[in-house]
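Hello,

Here is the structure I promised to hand over. My notes on it follow below the model.

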Amino acid sequence: MTTATRGTAAPGAVGTGHTRIEGRDKVTGAARYAGEIPFGDLAHGWLVLSTVARGRVVAVETGPVLGMPGVLAVLHHGNAPRVETQYVGSLGPPDPVVGLFQHDRVPYAGWPVALVVAETSEQAREAAEALQVRYETEPHDVGFHPEHAAAYTPESVMGQPNEAVKGDLEAELAASAVVVDERYGTPEEHHNTMEPHAATARWDGGRLEVVDSNQGSRWVAEELAHLFSLDLASVRVRSEHVGGAFGCKGVRPHQVGAAMAATVLDRPVRVVLTRRQMFSVVGYRSPTTQRVRLGADPDGRLRALGHEAHGVTSKLFEFVEPSAGFGRSMYAADAHHSVTRLVPLDVPTPTWMRAPGEAPGSFALECALDELAEKCGVDPIALRERNEPAVGPVSGLPFGSRNLLACYREGARRFSWADRDPRPGTRRDGRWLVGTGMAASTFFVGAAPTTAAVTAEPDGTFTVRITAADVGTGARTALTQIAADALEVTPDRVRVRIADSDFGQAWLAGGSMGTRSWGWAVLLAARELRERLALGGAVPEEGLTARSDTSDVLAALAQKERHSYGAQFAEVAVDVTTGEVRVRRMLGIFAAGRIVNPLTARSQLVGGMTWGLSMALHEEAVRDAASGAHVGADLAGYHFAAHADVPRIEADWVEDTDDEDPVGIKGIGEIGIVGAAAAIANAVWHATGVRHRTLPIRPDRVL
Ligand code: MOS
């Protein structure tokens with residue numbers, strides 16, 4: 001079902017499965033990650049994090065530690081270089097955690113208070129663990145609940161209005177024959193990338209050079225330039241291979257600490273975070289509570305869609321997990337009201353985590369729709385079809401392309417949905433109760449200004465240079481395919497070089513906008529180069545280069561509601577004696593534009609769905625009210641789906657295009673997780689007849 005290649009004489013790399021270009025290097029160990037690239041004269045930094053949840057640092061007892069073997073320096077608020085934190089970067093002001101050691105305040109447990117630098121990583125660690133830091137403590141508050149006195153309503157989320165109102169919600173609810181009014185909850189969740197954050201910084205001829213693991217080397221370079229008051233030209237950031245990112249790999253304390261120590265010691269310094277440290281310094285997904293109110297006519301036609309979410313932020317900085325926004329583009333209703341409120345606490349600031357907003361928001365709304373379907377006696381797919389909008393339900397804007405109905409149809413066919421008995425709690429398989437469920441999925445489609453350069457080399461090959469990031473998704477391979485088609489050559493003649501801030505302005509691997517933004521820029525530059533070559537342009541010794549910048553084409557795009565869509569299906573079995581939930585099958589059918597590389601695209605989608613399974617059944621970071629810190633901040637305490645938990649997962653797609661984008665793609669980084677947890681929760685209800693509105697659906701909650 002992959003979309004065919006458009007265009008005239010294209011050789012057709014796009015739409016064909018290609019293994020990752022760097023795949024062999026990765027599986028043989030030849031690919032080097034940021035924490036393992038050799039540097040001469042390298043020193044190692046180890047972060048020390050606060051053990052109290054609020055107060056101030058009274059003393060950092062550096063004396064004894066400076067006498068330990070190999071120790072070179074201990075940086076803390078009393079001696080660290082000053083950095084500039086009052087700036088607005090391309091994605092807003094920085095999380096204050098990157099203003100490393102600038103004051104003695106401790107705003108939460110796990111706040112960086114010192115960096116111990118030594119000749120070896122082991123020496124740095126030993127000294128860091130021996131370092132005595134004395135604190136003056138103050139009472140802290142880490143208790144999240146929606147009735148918290150400090151709860152407030154943020155104005156906007158990433159420049160978009162936080163609250164959306166259409167019609168009179170209360171009046172439509174009052175006029176509704178059927179009403180669902182329920183509360184849903186999701187816990188604090190963490191990214192836990194396979195590769196922890198790592199950076200090496202050094203000064204090279206007046207230039208700050210950083211080898212890092214990030215989602216956007218240009219972005220991180222810009223942030224470091226702001227922090228250290230440098231020209232952007234005086235900062236170079238590279239990030240060749242990245243072992244997962246999911247929103248947590250921007251500028252973080254590891255790059256800042258490494259750069260500070262490299263400045264102080266005038267030698268290269270590496271800082272690698274431990275998994276335990278990642279729990280407090282790289283962000284996480286806010287816990288949510290969500291109240292969904294749906295009002296409908298007896299046939300399930302929606303009159304009212306109300307979604308009020310609460311999340312946390314730190315007392316230092318506002319970050320909104322915009323959970324309430326999910327339904328705004330999904331369902332027609334006479335009245336809509338959606339808003340996300342925040343409770344500021346003595347906790348680290350949350351950040352973007354795969355499908356920020358949509359992941360928890362879809363859990364609540366897609367479960368509520370299932371409850372409405374039950375109350376109306378309407379099939380869950382029929383209910384959704386009945387509320388399919390012709391234009392953006394709140395915005396009134398036309399849709400770019402919306403092939404959600406095709407996803408329902410194809411998904412229902414492959415999942416044999418027509419044979420489903422809607423009655424809950426009636427199917428037994430030995431000690432298991434068995435059920436099926438579905439949910440809808442969506443994610444916005446965007447593109448951001450990006451530059452690219454494509455060079456024809458004298459030997460007949462081509463080199464693409466773009467500050468893209470391949471966070472493990474196969475972006476490098478997809479860009480090679482796009483460039484090859486645009487140049488009308490086979491992919492083996494194209495070399496794509498990425499993740500070097502010197503290659504110029506580019507969007508980052510985020511918002512599911514990476515490959516779309518980069519692919520567009522690569523396509524424009526490659527096409528121009530091909531035209532110049534067709535006109536008889538000779539290739540000089542240094543190569544012939546064409547450059548692109550998508551700023552103007554993107555600014556000229558018509559205002560539309562652009563989204564990708566999907567339908568998620570799950571079958572579960574619930575052990576009635578132990579409360580264990582096993583997912584037996586998942587199917588996701590997506591309408592996500594043209595699929596550049598079916599092989600890596602399927603992996604992306606299956607990966608997102610796997611995470612949805614993990615979200616539904618396993619993931620939960622627990623904070624101890626007394627200490628203000630996590631309980632079990634590691635992979636023993638923080639459970640996620642292991643191989644034995646993951647069943648056969650199928651992901652596929654229907655024909656879909658975005659005709660305004662010459663590449664025709666929509667982005668698939670995030671949509672796979674959206675709706676997956678709801679499909680599982682709905683299946684658990686179908687199996688048992690019990691609604692689970694709080695994630696994860698642990699055995700003790702099932703019993
Ligand atoms: Mo993603 S949460 O946009 O890195």
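Just after α15, G689 takes a positive phi of about 80°. This is a predicted model: local features need pLDDT of at least 70, side-chain atom pairs count only at pLDDT 80 or more, and totals for chains, interfaces and linings use all residues. Residues are numbered from 1 along each chain as its sequence is written. Helices (H or I, at least four residues) and strands (E, at least two) are DSSP runs, numbered from the N terminus.

α15 has 13 residues, which should span 18 Å at 1.5 Å a residue. Its end C-alpha atoms are 19 Å apart, which agrees. The expected span of a helix is 1.5 Å times one less than its number of residues. Of the 13 residues of α15, 13 are buried, so the helix is largely enclosed by the rest of the structure. A residue is buried if 20 or more other C-beta atoms lie within 10 Å of its own, exposed if 12 or fewer, and partly exposed in between; C-beta atoms are placed from the backbone.

α11 has 13 residues too. From first C-alpha to last it reaches 18 Å, close to the 18 Å expected. In α11, 13 of the 13 residues are buried, so this helix is also largely enclosed by the rest of the structure. E488 follows α11 and has a positive phi, near 60°.

The domain assignment of the protein chain gives domain 1 (23-31 + 446-555) and domain 2 (399-445 + 562-703). These bounds come from an automatic or database domain assignment. The domain centres, taken over C-alpha atoms, are separated by 34 Å. Domain 1 puts 16 residues into the contact and domain 2 puts in 17. Two residues are in contact if their C-beta atoms, placed from the backbone, lie within 7 Å.

Which helices each supply at least two residues of the side of domain 1 that touches domain 2? They are α11 (475-487) and α12 (514-534). The largest share, six residues, comes from α12. That side of domain 1 divides into six nonpolar, nine polar and one charged residue. Here Ala, Val, Leu, Ile, Met, Phe, Trp, Tyr, Cys and Pro count as nonpolar, Asp, Glu, Lys and Arg as charged, and the others, Gly among them, as polar.

The largest nonpolar core has 211 residues. Domain 1 and domain 2 both give residues to this core, so it lies between them. Such a core is a set of buried Ala, Val, Leu, Ile, Met, Phe, Trp, Tyr and Cys residues joined through C-beta atoms within 7 Å. Residues with the most contacts inside it include L479, A483, V522 and I680. Leaving aside neighbours within four places in sequence, A483 is in contact with V454, F462, V464, V494, V496, V522 and A526.

**Two single residues**

I668 lies in the loop between β28 (648-653) and α15 (676-688). I668 counts as buried, with 29 C-beta neighbours inside 10 Å. Not counting residues up to four places away in sequence, I668 touches S512, A592, A601, Q604 and L605.

R293 sits in strand β15 (residues 288-296). With 20 C-beta neighbours inside 10 Å, R293 counts as buried. Beyond four places in sequence, R293 touches L173, D181, A304 and G306. The C-alpha atoms of R293 and D470 are separated by 40 Å.

Best wishes
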